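Here is a short tour of one protein chain, written for someone meeting its fold for the first time. Take a look at the sequence and the structure, then read on.

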Amino acid sequence: MLTIQTNYSLKQLNTFNIDVKAKYYAAPTSEDEILEILNDESLVGVPRFILGGGSNVLFTGDFDGIVIHPQIKGIEKIDEDENHIWLCAGAGVVWDIFVSYCVKNNWGGVENLSFIPGNVGAAPVQNIGAYGVEAKSTIDEVYGIYLENGEPFCLNNAECEFGYRDSVFKEELKGKAIITEVTFKLNKKPVYITHYGNVEEELTKNYSKVNVQNIRKAIITIRERKLPDPGKLPNAGSFFKNPIVPVEFAENLKQKYENMPLFASDKKHAKLAAGWLIEQCGWKGKRIANVGVHEHQALVLINYGGAEASELTKLAADIQQSVKEKFYVEVESEVNYV
Ligand SMILES: Cc1cc2nc3c(=O)[nH]c(=O)nc-3n(C[C@H](O)[C@H](O)[C@H](O)COP(=O)(O)OP(=O)(O)OC[C@H]3O[C@@H](n4cnc5c(N)ncnc54)[C@H](O)[C@@H]3O)c2cc1C
């Protein structure tokens, strides 16, 4: 039976460890339980927020509405052919458990996305990406329910309008849809992507064979070395997106800053490294009272303990301002403010 709790602490449910409360909280384990919440007359007109693993959110205060925390579990094989396998995973499945299940079975496509915190339901929202791979390359369909009328939906890959850390769920459907299940198309004959970051180097150094299992292990090793563990130093991973700018603008900047990293985006645009820009503005390792910028990764903001969300929003705004002043570039937040 679904229970709706009141005055519920969200401190353990967000990786920034911000100490806020939700007026109402429910953790539905099925679509029927989601509909029960949506049809509850006492909750008509009450603001709703869908929470996954809380690893990409910054709660800026108590939430005066209902936090819906889907706990739909299960990974099911729904189809296969000679080359592919289709799996359906519940929104409440922990993302890395899903990845580890695929890797164990030698199904390729998500191994480079190993060790990203959060749940399956959030993976399509910002089209999670790491080490040269994005979730969009394996997501087949996304199932869910529209919050306004309780109607079900199924969006295919194209309809999800995936972009860099972006999708329809962050745009037109922002705050309007709850994802219940995602189907993935995995490769029975994996294609290895190892050119990105230090993956190749890590594989050569420590593994005799390239396969999905070793790619996963190598990526976990690299991530553990580079990124702070939110359990020890509360954070939400990269706080900022890498800015996409017109090629001409990027080339002018490159002339001025020769060692500035620059990546191709599309024919007309280039991607700058937000971490590098922030580091050049002197923020890396800087601490201000309870918050700061990680000493090894300028993209990561940290709550050193007891921080108010306003300390993090102020730090983020100051960083954005200084990058704008020095480079005339806007760095957008990747983290969702609630
Ligand atoms: C240490 C660390 C490393 C990270 N590394 C990466 C990385 O390499 N690449 C990357 O892309 N991200 C990374 N992230 C960010 C984060 O892990 C991902 O964005 C992840 O997908 C968020 O999942 P979540 O379940 O925690 O979502 P939440 O933070 O709970 O929610 C994120 C957004 O998705 C929405 N949402 C969540 N579930 C649903 C649902 N079922 N239906 C509809 N909307 C929903 C929320 O409303 C919110 O807007 C990292 C974070 C941390 C802390």
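Let's start with helix α7: its buried residues pack against β4 (57-58), α5 (247-256), α6 (274-280), β17 (287-288), β18 (291-293) and β19 (300-303). Here, helices (H or I, at least four residues) and strands (E, at least two) are DSSP runs, numbered from the N terminus. A residue counts as buried if 20 or more other C-beta atoms lie within 10 Å of its own, as exposed if 12 or fewer do, and as partly exposed in between, with C-beta atoms placed from the backbone.

This is a predicted model, where local features need pLDDT of at least 70 and side-chain atom pairs count only at pLDDT 80 or more, while totals for chains, interfaces and linings use all residues. Residues are numbered from 1 along each chain as its sequence is written.

Helix α7 covers residues 309-327, 19 residues in total. From first C-alpha to last it reaches 27 Å, close to the 27 Å expected at 1.5 Å a residue (the expected span is 1.5 Å times one less than the number of residues).

Which residues of α7 are buried? They are A309, L312, L315, A316, I319, V323 and F327. Seen down the axis of α7, these buried residues fall within an arc of 130 degrees, so they line one face of the helix; the arc is that of the directions from the helix axis to the C-beta atoms. On the other side, S310, A317, Q321 and E325 are exposed.

## Strands side by side

Now turn to strand β10 (residues 139-146), which runs antiparallel to strand β12 (residues 177-187) and is joined to it by 7 bridges. Two strands pair if DSSP finds at least two bridges between them. G144 has I179 in β12 as its bridge partner.

Strand β10 also pairs with β11 (residues 152-156), in the antiparallel sense, over 5 bridges. There, Y143 stands opposite C154 in β11. The hairpin of β10 and β11 has 5 residues between the strands, and G150 takes a positive phi near 75 degrees in this hairpin.

## The whole chain

Stepping back, the chain holds 7 helices and 20 strands. Its radius of gyration, taken over C-alpha atoms, is 20 Å, close to the 20 Å that the globule rule gives for 338 residues, so the chain is as compact as a globular protein of that length (the rule is 2.2 Å times the number of residues to the power 0.38). Buried residues make up 40% of the 338 residues.

Conventions. Two residues are in contact if their C-beta atoms, placed from the backbone, lie within 7 Å.
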